[in-house]
Amino acid sequence: MNPRNRLNFSGGPGALPESVLLQVQEAIIEVPEAGLSILGISHRSDWFAAVITELESNIRALLGLTKDYHVLLLQGGATQQFSMVPMTLLRGASSAAEYLHTGYWSGKALPEAQREGPVRVLWSGEDNGFTRLPDDDELAFSEDSSYLHYASNETVEGLQFHRVLGKDNVPRVCDMSSDFLSIPCAAERFSLIYAHAQKNIGPAGVTVVLVRDALLQHAPEDLPGFLDYRCHAKTHSNYNTPPVFSIYVVLLVTRWLMNEIGGVENMARINQDKATLLYGMLDSSDGFYRGRAREQDRSLMNVTFNLPTPELENRFLAKAQAAGFSGLAGHRAVGGIRASIYNALTLPAVEMLAGFMADFQRREI
Ligand SMILES: *Cc1c(COP(=O)(O)O)cnc(C)c1O
């Protein structure tokens, strides 16, 4: 296996477990149970129906999800959910939806909601350059909103909520694209969760949507079929030709999570160790590495930081690349450095990065 795969710190698409990649390699030529390449298996086959059934059941088991949620596998990425959510819940509604603007991705969701109905932006981090998340006393949730929408992890800025927000009588909708299945998320407290695969759980092409059946009761009747969650629920995510390959890889990742990692709580412990190591490195660097996010809002998935000058940052990135670390450049919207340490990025890989950072600092000062 190419050792550079192990050092893929990209913000997304992210690293995948080596054992999964090896199975994918085999499946490209032949899925043993089906006798065909994964790229040419019919989405109407019994084999694929079993894939969907097992994947749904794995996701339910990993999150302890009850029967009243649909588990949907959709296309269009998180971006399509920015529109599908308000088309379903806000079109024609009398009360406003509440949105939090905590960074790049939750900001992208806003104009899509505003197209569909009234939106109240409860809090925006724009004034502080999205370096922190709101405290509880800055959030005046109302009792009668159509729903509350926020992103649990801001991938670009490296900010993560370490608590569930909102009022229990207002449906919570959450973009968990970049921390889904990386920590327990109290799924039953949300009415709708969406997460595309390509950060933590697979390749691009499929988005997991968990939605409570009751939330769909009042959806407009005239939505385009593809944009109506009910069509996908009725057809078990087989409304039109689904991305069979991407869905299969997500299934392999859930098996890995269950059988090799031992569930989401174990995954969370590993992710916590990885993050503690890197943030410890920043905090003990005497200001050489400067964490971007306020301490209590630090993301366990995306560690963002700066160096004293842009020149040093460029040198850091060039040397890191030469040493085999890839994907460390910050998102184009904020610059700096971002080490994304998704589920499949191992603790030894993070230790190697921390070692590299210590060496780099020693040589430069
Ligand atoms: C990457 C990302 C997105 C964008 O997702 P697409 O699948 O490219 O549409 C949205 N939200 C979050 C939190 C992300 O990290």
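Predicted model: local features only at pLDDT ≥ 70, side-chain atom pairs only at ≥ 80, totals over all residues.

Helices here (H or I, at least four residues) and strands (E, at least two) are DSSP runs, numbered from the N terminus. With that in hand, select aspartate 359: you'll find this residue in helix H9 (residues 347-364). Aspartate 359 has 31% relative accessibility, so aspartate 359 counts as partly exposed (buried means under 20% relative accessible area, exposed over 50%, partly exposed in between, with a 1.4 Å probe and protein chains only).

Residues are numbered from 1 along each chain as its sequence is written, and side-chain values use heavy atoms, with hydrogens and water left out.

Next, show helix H2 (residues 46-63) with helix H6 (residues 244-261): they pack at about 40°, axes 9 Å apart (axes are lines fitted to C-alpha atoms, for helices over the stretch in contact, and angles run from 0 to 180 degrees between N-to-C directions). That makes H2 oblique to H6; under 35 degrees counts as roughly parallel, over 145 as roughly antiparallel, 65 to 115 as roughly perpendicular and the rest as oblique. Want to see who touches whom? Contact means heavy atoms within 4.5 Å, and the residues making it include Trp47, Phe48 and Val51 of H2 and Val244, Ile247 and Tyr248 of H6.

Keep H6 on screen and bring in helix H7 (residues 264-283). H6 and H7 pack at about 85°, with axes 9 Å apart, and are therefore roughly perpendicular to each other. Zoom in on Trp256, Leu257 and Ile261 in H6, which meet Asn266, Met267 and Ile270 in H7.

Last stop: the cysteines. How many disulfides does a search of the whole structure find? The search turns up 0, a disulfide being a pair of cysteine sulfur atoms within 2.5 Å. Select cysteine 174, which is in no disulfide; its nearest cysteine sulfur, that of cysteine 185, is 8.1 Å away. That distance is too far for a bond. Both are buried: cysteine 174 has a relative accessible area of 0%, and cysteine 185 one of 15%.
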